[in-house]
Amino acid sequence: MGNILLLIRNKLYFFVAGTFILALLVGFYVPVSQINIRPVSLFAVFMMLYPMLTGMAVEKVKKAGRNYKLISLTLLFAFVIASVTAFVLSRTLFATQPELALAIILVGAIPCSNMLIGWSGIADASVEDALVI
């Protein structure tokens, strides 16, 4: 089991890229009404997060929770700067397409924390900090 987790963690970017390509192909060839995405998305999120969280020390997470500057800047970016940017983009680039404007506002206004952990692991950043955020 440890070898499999190590392989997934070391080659995670290939697994993520493969998942994106597979999702595009399935979305292109299979009608949306026939797809039950819940089990697939749960499995994909588990495969992305579990290897990142297996070797984590609890002490590092406690220390990351006291990094108020990081937490404050992240909250500012996630809930203010990203939301305002999404709103401005929706009003300028997608002014004539209300569905796309709504989509970009929702993407900008709702941060996706589970992906933050995964991308932090891929980038060899601090997964502990990402977990606290």
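Which residues does Ser90 touch, not counting residues up to four places away in sequence?

Figure 1. Ser90 lies in helix H5, where helices (H or I, at least four residues) and strands (E, at least two) are DSSP runs numbered from the N terminus. Beyond residues up to four places away in sequence, Ser90 touches Ala95, Ala101, Ile104 and Ile105; contact here means heavy atoms within 4.5 Å. With 3% relative accessibility, Ser90 counts as buried (buried is under 20% relative accessible area, exposed over 50% and partly exposed in between, with a 1.4 Å probe and protein chains only). Residues are numbered from 1 along each chain as its sequence is written, and side-chain values use heavy atoms, with hydrogens and water left out. In this predicted model, local features need pLDDT of at least 70 and side-chain atom pairs count only at pLDDT 80 or more, whereas totals for chains, interfaces and linings use all residues.

**Figure 2. Packing of helix H5 against helix H6.** Two packed helices are described by the angle between their axes and the distance between the axes. For helix H5 (residues 68-92) and helix H6 (residues 98-109), the angle is about 170 degrees and the axes are 8 Å apart. Axes are lines fitted to C-alpha atoms, for helices over the stretch in contact, and angles run from 0 to 180 degrees between N-to-C directions. H5 and H6 are therefore roughly antiparallel to each other (angles under 35 degrees count as roughly parallel, over 145 as roughly antiparallel, 65 to 115 as roughly perpendicular and the rest as oblique). From H5, Ala78, Phe79, Ala82, Ser83, Ala86, Phe87, Leu89 and Ser90 meet Ala101, Ile104, Ile105, Gly108 and Ala109 of H6. The residues of this contact comprise ten nonpolar, three polar and no charged; Ala, Val, Leu, Ile, Met, Phe, Trp, Tyr, Cys and Pro count as nonpolar, Asp, Glu, Lys and Arg as charged, and the others, Gly among them, as polar.

Figure 3. Ser83 is placed in helix H5. Apart from its neighbours within four places in sequence, Ser83 is in contact with Ala78, Gly108 and Ala109. Ser83 and Leu106 are separated by 23 residues in sequence and by 8.5 Å in space, C-alpha to C-alpha.

**Figure 4. The aromatic pair Phe28 and Tyr29.** A search of the whole structure finds one aromatic pair. The ring centres of Phe28 and Tyr29 are 4.9 Å apart and the ring planes stand at 85 degrees, so the pair is edge-to-face. Rings of Phe, Tyr and Trp (its six-membered ring) pair if their centres lie within 6.5 Å; planes under 30 degrees apart count as stacked, over 60 as edge-to-face and the rest as tilted. Phe28 counts as exposed at 64% relative accessibility, and Tyr29 is exposed with a relative accessible area of 63%.

**Figure 5. Val40 in helix H3.** Val40 is found in helix H3 (residues 37-53) and, at 56% relative accessibility, counts as exposed. Val40 and Ala23 are 17 residues apart in sequence, with a C-alpha to C-alpha distance of 9.9 Å in space.
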